[in-house]
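Here is a protein to explore by question and answer. Keep the sequence and the 3D view side by side.

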Amino acid sequence: MNRSRSMHVVLLGPQGSGKGTQAKLLAKQYKLAHIETGAVFRYFAAQHNTLGRKINRLINVEGKLIPDKMVIQVIAGAMQKVPRKQGIVFDGYPRTLAQARTFDGLLKKAGRELTHVIYIPLRQSTTIRRLSLRRICLKCRTPWISGVTIPRRAVICPQCGGKVIQRKDDTPPVIKKRLREYLKKTKPILSYYKHRGIVMTVDGEPSIGTVWRSIKKHLHDRH
Ligand code: AMP
């Protein structure tokens with residue numbers, strides 16, 4: 001499908017709204033590269049050096065965002081690795097207005113254009129419930145739901161045999177801090193994009209399959 005070459009999608013929504021899962025589905029269906037900034041920073045946070053400790057503290061203790069300057073460097077580097085003709089789904093970026101503004105320049109410089117912003121709203125109570133049950137495979141990064149998609153005490157990924165863990169920032173006190181950051185810094189991005197007519201809103205409360213079908217329907221209706 002030619003259209004996939006020019007698709008550049010931003011997923012916007014609170015923690016637990018399913019951005020990661022839907023990004024994987026989008027990447028597969030439309031052959032897009034998947035850039036997930038959270039995964040990059042979790043990798044940094046696991047390094048035993050000064051930068052790693054600083055990032056670990058921001059993510060796992062304070063539930064805060066990484067400074068824009070560093071995020072922008074990471075995203076620019078990640079975008080450079082994607083072949084020019086391939087589209088990209090951005091999962092977890094941009095997260096501040098400053099990032100969104102810089103993003104426009106980065107895309108333009110790379111000869112790319114943002115075609116869709118998929119906004120997935122979710123109730124705060126659902127975020128807290130979902131994140132407390134969320135587990136993730138360290139190897140293939142597949143998200144699992146404890147007691148639903150994998151047994152409650154499972155530590156081995158059913159998909160790849162990797163180690164399944166609970167993220168350190170998926171504990172109620174850090175989840176609440178992260179949600180505050182989202183409301184204060186990330187949600188305002190929505191109005192930045194709204195006037196461009198590229199935002200589609202897909203309710204994040206239903207099941208993964210239902211959300212995915214709505215996203216596909218919106219994308220097809222638009223073309
Ligand atoms: P996520 O996996 O998307 O929930 O991201 C995990 C953590 O990584 C966030 O809570 C932030 O601390 C950091 N992070 C990920 N993406 C960004 C971003 N675009 N800007 C700032 N911090 C980010």
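Q: Where is the place of P94?
A: Helices and strands here are DSSP runs numbered from the N terminus: helices are H or I with at least four residues, strands are E with at least two. Strand β3 covers residues 88-91 and helix α6 covers 97-109. P94 has its place in the loop between β3 and α6.

This is a predicted model, numbered from 1 along each chain as its sequence is written. Local features need pLDDT of at least 70, side-chain atom pairs count only at pLDDT 80 or more, totals for chains, interfaces and linings use all residues, and side-chain values use heavy atoms, with hydrogens and water left out.

Q: What kind of peptide bond joins Y93 and P94, and what is omega?
A: Look at the bond between Y93 and P94. The bond is cis. Its omega is about -5 degrees.

Q: Which residues come nearest to the ligand?
A: A residue counts as near if one of its heavy atoms lies within 4 Å of the molecule. There are 15 residues around the ligand. Those that come nearest are T37, R42, K64, G92 and Q99.

Q: Which helix gives the largest share of the shell around the ligand?
A: The shell divides into six nonpolar, four polar and five charged residues. Nonpolar means Ala, Val, Leu, Ile, Met, Phe, Trp, Tyr, Cys and Pro; charged means Asp, Glu, Lys and Arg; the others, Gly among them, are polar. The largest share is four residues, and they come from helix α3 (residues 37-45).

Q: How far is a nitrogen atom of the ligand from an N or O atom in the side chain of T37?
A: A polar contact is a pair of N or O atoms within 3.5 Å; within protein, one must be able to donate a hydrogen and the other to accept it, and residues adjacent in sequence count only if both atoms are side-chain atoms. For the side chain of T37, the distance to a ligand nitrogen is 2.8 Å.

Q: What share of the ligand's exposed area does the protein bury?
A: A ligand oxygen is 3.5 Å from an N or O atom in the side chain of R178. Taken alone, the ligand exposes 480 Å². Areas come from the Shrake-Rupley method with a 1.4 Å probe; for residues, only the protein chains shown count as cover. The protein buries 96% of the ligand's area.

Q: Is R167 buried or exposed?
A: Buried means under 20% relative accessible area, exposed over 50%, and partly exposed in between (1.4 Å probe, protein chains only). R167 sits in the loop between β7 (164-165) and α8. Its relative accessible area is 12%, so R167 is buried.

Q: With which side chain does the side chain of R167 make a polar contact?
A: R167 touches R42, R134, I136 and R178, not counting residues up to four places away in sequence. Touching means heavy atoms within 4.5 Å. The polar contact spans 2.9 Å, and the partner is D169.

Q: Why do the buried residues of α7 line one face of the helix?
A: The buried residues of α7 (residues 124-133) are T126, T127 and L131. The arc uses the directions from the helix axis to the C-beta atoms. The buried residues line one face because, seen down the axis of α7, they fall within an arc of 120 degrees.

Q: Is K31 buried or exposed?
A: K31 is in the loop between α2 and β2. Its phi is positive, about 55 degrees, although K31 is not a glycine. With 61% relative accessibility, K31 counts as exposed.
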